[in-house]
Amino acid sequence: MIKSDAPILVTGAAGQLGKTFVRMLGDQAIGCDRAEFDLSSPDSILAAVRRYRPQIVINCGAYTAVDKAETEPELCETINAAAVAAFAQACEEQDAVLVQISTDYVFGAQPEVPTPWQESDATAPQGQYAKSKLHGEQAAAAAPKHLIVRTCGLYGGGPNHVSFVEKMLQLGEQRTHLRVVDDQRCTPSLVDDVAAAVLQLLESDSRGLFHVVNDGETTWNEFAQEIFRIVGYEVQVDPISTAEFNAPAPRPSYSVLDTAKFQTLGKGPLPHWKDALSRYLTTLRPILAEGLQTS
Ligand SMILES: NC(=O)C1=CN([C@@H]2O[C@H](COP(=O)(O)OP(=O)(O)OC[C@H]3O[C@@H](n4cnc5c(N)ncnc54)[C@H](OP(=O)(O)O)[C@@H]3O)[C@@H](O)[C@H]2O)C=CC1
Ligand SMILES: Cc1cn([C@H]2C[C@H](O)[C@@H](COP(=O)(O)OP(=O)(O)O[C@H]3O[C@@H](C)C(=O)[C@@H](O)[C@H]3O)O2)c(=O)[nH]c1=O
C-alpha cells in the first residue's frame, strides 16, 4: 500500500513519464532530475537515496536514445543497468519498493504465430538499448520489493517532449507526404494511462513483472495516419519496411504486450490506443493552432 505521508522518489522527473508521476503524486513526490541523480555515476546513488528515505523509488530516468545507443553502448548500459543495480541495493537498505520501467524492446525474435507477449515469455533483445533495459530488469529484480513494468512507445509529455507523436506533427506541418514503417506491430501508450496503472499496481501491493500498455495494437504507419486524421492534417503516409527506413538500431517486428496479468487487478484493460491518442491530441489543440514548430 502507498502510505500517504511517506515520500515517493521519482527519477527522470524532467522526462515524459517521470514528469507525469510527479504531477499525479503531488506533494508526495520528490521529483529528481539529473542534477540530483546522475545515473551515469551509480556510486552516488546510495547516498542520495539515504538522504530522501523514500518508501518507493520510481525509476523513470533512462538512456532512451535507441539509435544513439548503438554508438554509446557503455553509457547506455551504465544508466539503464548499473544505476538500477545501485537503486536495488539502496531500496533493500531502506526497505523501499523499487519500480523499474522497462520496454517492449526486450522482445525481438519474430514469433511463429504473432500472439501478444506474456511476462513469462522468453526475451530476445536486439539492440544496445534493448539489451541494457533487460539488464536493468535483472538488476531491479535483486531488490526484495520490486515492481518491473514493461510498456511501449510512450508519448503524452507535452509539446516540449519529442515523442513519435510530436515528430509526426512537426513533419506534418511541413510536408504532404511521409514514409512510415508498417511492419512493426506494437501498442504506443499514453504516459497518463501508464502512470495511473503503475499507481494502481502499487496501491494493490503488486510485486514482480507486469506488462502495461493501452489496449489494442497497431503499426507506426497506422498510428501516424490516425494522428493526422484526428488533427485534420492532409498528409499521405506511405508504408515502408523497417529495412527501407534503415535506422541504426534494430526494432522488434512484433512487440504487442499481453496485459492479462495487469487485468487480474480487476480494473479491466487500459483505454484503447485510439482513445488515448485522441485525448492527448485534444490537449495539444491550442498549441497546434499556433503550429508546433513555433511553440
Ligand atoms: N519513450 C518510450 O517510448 C518508452 C520508454 N520506456 C521506458 O520508460 C522510462 C521513461 O521513459 P521516458 O519518460 O519516455 O523517457 P525520457 O527520455 O522522456 O526521460 C528520461 C529521463 O532520464 C533522464 N536521464 C537521462 N540520462 C540521465 C543521467 N545520466 N542522469 C540522470 N537522468 C538522466 C533524462 O534527463 P534529461 O531530460 O536531462 O535528458 C530524462 O529526463 C524509461 O525507463 C524508458 O526506458 C519504455 C517503453 C517506451
Ligand atoms: C520519424 C519516423 C519514424 N519512423 C519509424 C522508426 C521506428 O521504427 C518507428 C518509431 O519511431 P521512434 O524513433 O519514435 O521509435 P523508438 O525511439 O524506437 O521508440 C521506442 O522508444 C524506446 C525508448 C522504447 O522503449 C520503445 O518502446 C519504443 O517505442 O517509426 C518512420 O518509419 N518514419 C518516420 O518519419
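**Ground rules.** I am working with a predicted model, in which local features need pLDDT of at least 70 and side-chain atom pairs count only at pLDDT 80 or more, while totals for chains, interfaces and linings use all residues. Residues are numbered from 1 along each chain as its sequence is written, chains are lettered from A and ligands numbered from 1 in the order in which they are written, and side-chain values use heavy atoms, with hydrogens and water left out.

**Ligand 1, shell.** I asked which residues surround ligand 1, taking a residue as near when one of its heavy atoms lies within 4 Å, and found 24 of them, with Leu-39, Thr-64, Tyr-129, Lys-133 and Leu-154 the closest. I then sorted this shell by class (Ala, Val, Leu, Ile, Met, Phe, Trp, Tyr, Cys and Pro are nonpolar; Asp, Glu, Lys and Arg are charged; the others, Gly among them, are polar), which gave 11 nonpolar, 10 polar and 3 charged residues. For the secondary structure I used DSSP runs numbered from the N terminus, with helices (H or I) of at least four residues and strands (E) of at least two. On that basis α1 (16–25), β4 (97–103) and α4 (128–140) each supply at least two shell residues, and β4 gives the most, with 3.

**Ligand 1, polar contacts.** Here I looked for pairs of N or O atoms within 3.5 Å. Oxygen atoms of ligand 1 lie 3.0 Å from a polar backbone atom of Gly-15, 2.9 Å from a side-chain N or O atom of Arg-34, and 2.8 Å from a polar side-chain atom of Tyr-129. By accessible area (Shrake-Rupley, 1.4 Å probe), ligand 1 alone exposes 900 Å², of which the protein buries 82%.

**Ligand 2.** I repeated the search and found 19 residues around ligand 2, the closest being Thr-103, Asp-104, Tyr-105, Tyr-129 and Gln-184. The class count for this shell is 11 nonpolar, 4 polar and 4 charged. Oxygen atoms of ligand 2 lie 3.1 Å from a polar backbone atom of Gly-153, 3.0 Å from an N or O atom in the side chain of Lys-167, and 2.9 Å from a polar side-chain atom of Arg-251. On its own ligand 2 has 710 Å² of accessible area, and the protein covers 85% of it. Two or more shell residues come from each of α5 (164–174) and β7 (177–181), and α5 gives the most, with 4.

**Record.** I checked UniProt, where an unreviewed entry places "domain: RmlD-like substrate binding" at residues 8–284. In the model, the end C-alpha atoms of that span lie 29 Å apart, and the span is 39% helix and 17% strand.

**Cavity.** How many cavities of 30 Å³ or more does a search of the whole structure find? I found 1, counting as a cavity a set of points on a 1 Å grid over the protein atoms alone where a 1.4 Å probe fits but cannot get out.

How values were computed. Polar contact = N/O pair within 3.5 Å; in protein donor to acceptor, adjacent residues only side chain to side chain. UniProt positions renumbered as here; feature names shortened; annotations may be inferred. 1 Å grid on protein atoms, 1.4 Å probe; cavity = no way out; pocket = protein on both sides within 12 Å on 5 of 7 lines; lining within 4 Å. Points joined across faces, edges and corners; volume = space filled by probe spheres on them.
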